[in-house]
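Hi everyone, thanks for coming. Please have a look at the sequence and the structure on the screen, and then I'll walk you through a few spots I like.

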Amino acid sequence: MSVFEIGGARLESRFFLGTAGYPSPAVLQQAIAASGTQVVTVGLKRQLAGDGKPNEFIRLIRESGARLLPNTAGCRSAQEAVTLSRMARELFGTNWIKLEVVGDEHTLQPDPFELVEAAGTLVRDGFEVFPYCTDDLVSCQRLLDVGCRILMPWGAPIGSGQGLLNPTALRTLRARLPDVPLIVDAGIGSPKDAVQAMELGFDGILLNSAVAQARDPVAMARAFRLAVEAGRLAWEAGIMARQDMAVPTTPVTGRPFVL
């Protein structure tokens, strides 16, 4: 699978992995290794110690060799997300931030207005913003307008495991934004969803619950690794066009053979 550049980094793996909800730290370590990921996300509100410093969990993540992508999960306003992002940069020494600003408690849908406001502020502040957004083309364009160079549209609501609810919208994003790195984030439930997203031409996948909540997270992490690789290879190879009716695959001469 081809190397790709994102946020100034060259990566071989197109599989980004979340780190919440695993049965144990040991299982998380093994899942990271099995996934082959080079980028893991960390929720700051959940992973900081009481004194505001990274805890043993962060040390475990660093030991995996994967790059940290702090996120602002749990934020409800642009101001809150910007403050948390600046804390992350000081604590972890990275200008990467997965920007999340939730607007609805039931669906955890991103707030498009607060998200754009926070993204603009962070871009001006020198951050490489990975915005978690919906699959709405206009909202995505507004994020690009304020300086985002990467987009992370959802496949379905966070943690729902519903897969790609609107592949048509995702296909439209890929077609209209051919040069923008697009990572499907949230809602993926099984490896077939990852294959589908990669076959649409997306640059990568970010997920958490589908691995963390599996009966065997380590085996599932490997399954997703293979799915992402297979889907990307299929996209690069060129998937055959669908036909409305049968098309003969074996050429014939027009006359039957007489035996």
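How many aromatic pairs does the count come to? Two, by a rule in which rings of Phe, Tyr and Trp (its six-membered ring) pair if their centres lie within 6.5 Å, with planes under 30 degrees apart called stacked, over 60 edge-to-face and the rest tilted. A word on the ground rules: this is a predicted model, where local features need pLDDT of at least 70 and side-chain atom pairs count only at pLDDT 80 or more, while totals for chains, interfaces and linings use all residues. Residues are numbered from 1 along each chain as its sequence is written, and side-chain values use heavy atoms, leaving out hydrogens and water.

Helices (H or I, at least four residues) and strands (E, at least two) are DSSP runs, numbered from the N terminus. Both F15 and F224 are buried, meaning under 20% relative accessible area, where exposed is over 50% and partly exposed is in between (1.4 Å probe, protein chains only).

Then we have W96 and F130, also tilted, at 4.9 Å centre to centre and 50° between the planes. Here W96 lies in strand β6 (residues 96-99) and F130 in strand β7 (residues 128-133), so the pair ties together parts that are 34 residues apart in sequence. W96 is buried, with a relative accessible area of 0%, and F130 is buried with 0% as well.

For that, NZ of Lys or CZ of Arg must be within 6 Å of the ring centre and within 35 degrees of the ring normal. K98 likewise lies over the face of Y132, at 5.7 Å from the ring centre.

Let's stay with K98, which is found in strand β6. Is K98 buried or exposed? At 6% relative accessibility, K98 counts as buried. An unreviewed UniProt entry places the feature "active site" at K98; such annotations use the numbering here, have shortened feature names, and may be inferred rather than shown by experiment. Leaving aside neighbours within four places in sequence, the contacts of K98 (heavy atoms within 4.5 Å) include T41, F130, Y132 and D185.
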